[in-house]
Amino acid sequence: MEAIQAADFNPKFRDEVAELLNGYDFSNCLSCGMCTAGCPYSDIHENQDPRKFLRKVLLGMKDEVYADPYIWYCTMCERCTIECPMNVNIAALVRALRGTWDKDKIPGYLQTIANEHIESGNQMNVGQEDYEETLEWIEEELQEELGDPNYKIPLNKKGAKYFYGFNARDIKYYPNELQATLKLFYVAGIDYTISTKRWDATNIALFTGQTDDFLAISMPLWQEVADLECEELIVTECGHAFRSMRWGYRTYWNGRQYPIRHILELLNELVKEGKLKLDPNAITEVVTYHDPCNTARKEGVYEAPRELIRSFIKNFVDMNPNGNMNYCCGGGGGAMAMPEYNEIRKAKGKRKVDQVVATDAKIVIVPCHNCMDQFNDLNKWYPEKAKSANMHMCSLMERALIMPEKE
């Protein structure tokens, strides 16, 4: 091991990084190592030590910092911050450093997704005609399924109570998922709308740290909610979409104010109010629940989903740890869009696999599209995980939904 030469330190680098974080005082760091102890992956693979990475920043080892794979290995899950006695946010540090990267040197296809989202208005680069045709197809399917030939998806409805922002995967790959959600909305009789102008709530720039891209992607959607004069923005089962919408709104939005909630918070409310009735005997399998880091740890939404689960699932077994202490699935921080790090992502996922297997669950509720892709890969990589199915909450609720009798 080579000795660290003090002559190589760049004293100004620490101040440069602090400025990226709005003048953050790094003297808060006690060098205690609790961040490394809290990171679920510090012992899984090399170059996954938050304390060591932070010390490089504080010592001014600029070249070593930018050469450290940790910048892109970190899933930005913030579990290290939960353990830190001084609340040093290493995920924010990582994002800030990523934001200084030349865009053409960002790993994987993260920047490609950002560019396409800015150009097309959605991360899957779905054309307007394809988008509207998919909505029409879903509408026709629901007319038949609901036995209501007059059913219409409420599009661009001004003054609706809820504006529903979702994930472009629901249009390009999983329209049945969107169909299940809209079925729940129909049965509950809520006043909502979907925009044909801006509808994708995701933002890959949450992971790249490129602020100009982040604003170019999310600002038009916040503006669309305001233009339609909706009372509230509801975000789909997608952790990074929810985090992007709510954190970005708090940080950058200065227009008309409105609350932003996760769809599971709304669905739990609708069940408690009796607007949605679920058969408590419909789901007989053992079920567990995955807490997406962006939803639970970063935005504090983990009690409402469990209250919802317990309202209709008898055999619920929680993972340990859970809630804001739960482990990242290994696919966060943009890892799903960096295939060169797939082996790292696979190694991290084993910790989540062990969590699931310990519950003996046959169904894992995965309320996040990004996490869902990781969980599906875990089913391919690990036979013990393949024994459990991965489902969004809305799809599971649809199985238990008690349809009201028609008048």
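Reader: Let's start with the sheet. How many bridges join strand E1 (residues 162-165) to E2?

Author: Two, and E1 and E2 run parallel. Strands pair if DSSP finds at least two bridges between them; strands (E, at least two residues) and helices (H or I, at least four) are DSSP runs, numbered from the N terminus. In this pair, Phe163 stands opposite Thr193 in E2. Bear in mind that this is a predicted model, where local features need pLDDT of at least 70, side-chain atom pairs count only at pLDDT 80 or more, and totals for chains, interfaces and linings use all residues. Residues are numbered from 1 along each chain as its sequence is written, and side-chain values use heavy atoms, leaving out hydrogens and water.

Reader: In what order do the strands of the open sheet come?

Author: E2-E1-E3-E4, four strands with parallel pairing. At the edges sit E2 (192-193) and E4 (260-262), each pairing on one side only. Helix H14 (residues 239-252) lies across E3 (232-235) and E4, and runs at about 160 degrees to E4.

Reader: How do I read the packing of H15 and H16?

Author: Two packed helices are described by the angle between their axes and the distance between the axes. Here H15 (residues 263-272) and H16 (residues 303-310) pack at about 40 degrees, axes 9 Å apart. That makes H15 oblique to H16 (under 35 degrees is roughly parallel, over 145 roughly antiparallel, 65 to 115 roughly perpendicular, the rest oblique). Axes are lines fitted to C-alpha atoms, for helices over the stretch in contact, with angles from 0 to 180 degrees between N-to-C directions.

Reader: Which residues of H15 meet H16?

Author: Leu264, Glu265, Leu267, Asn268, Val271 and Lys272 do, against Ala304, Pro305, Glu307 and Leu308 in H16 (contact is heavy atoms within 4.5 Å). By class, the H15-H16 contact has six nonpolar, one polar and three charged residues.

Reader: And at what angle do H11 and H15 cross?

Author: Roughly 35 degrees, with the axes of H11 (residues 175-188) and H15 coming within 11 Å. Thr181, Leu184, Phe185 and Ala188 of H11 touch Ile263, Leu266, Leu267 and Leu270 of H15. That contact divides into seven nonpolar, one polar and no charged residues (Ala, Val, Leu, Ile, Met, Phe, Trp, Tyr, Cys and Pro count as nonpolar, Asp, Glu, Lys and Arg as charged, the others, Gly among them, as polar).

Reader: Zooming out, how many helices and strands does the chain have?

Author: 19 helices and seven strands. Along its principal axes, the C-alpha trace spans about 80 × 45 × 35 Å.
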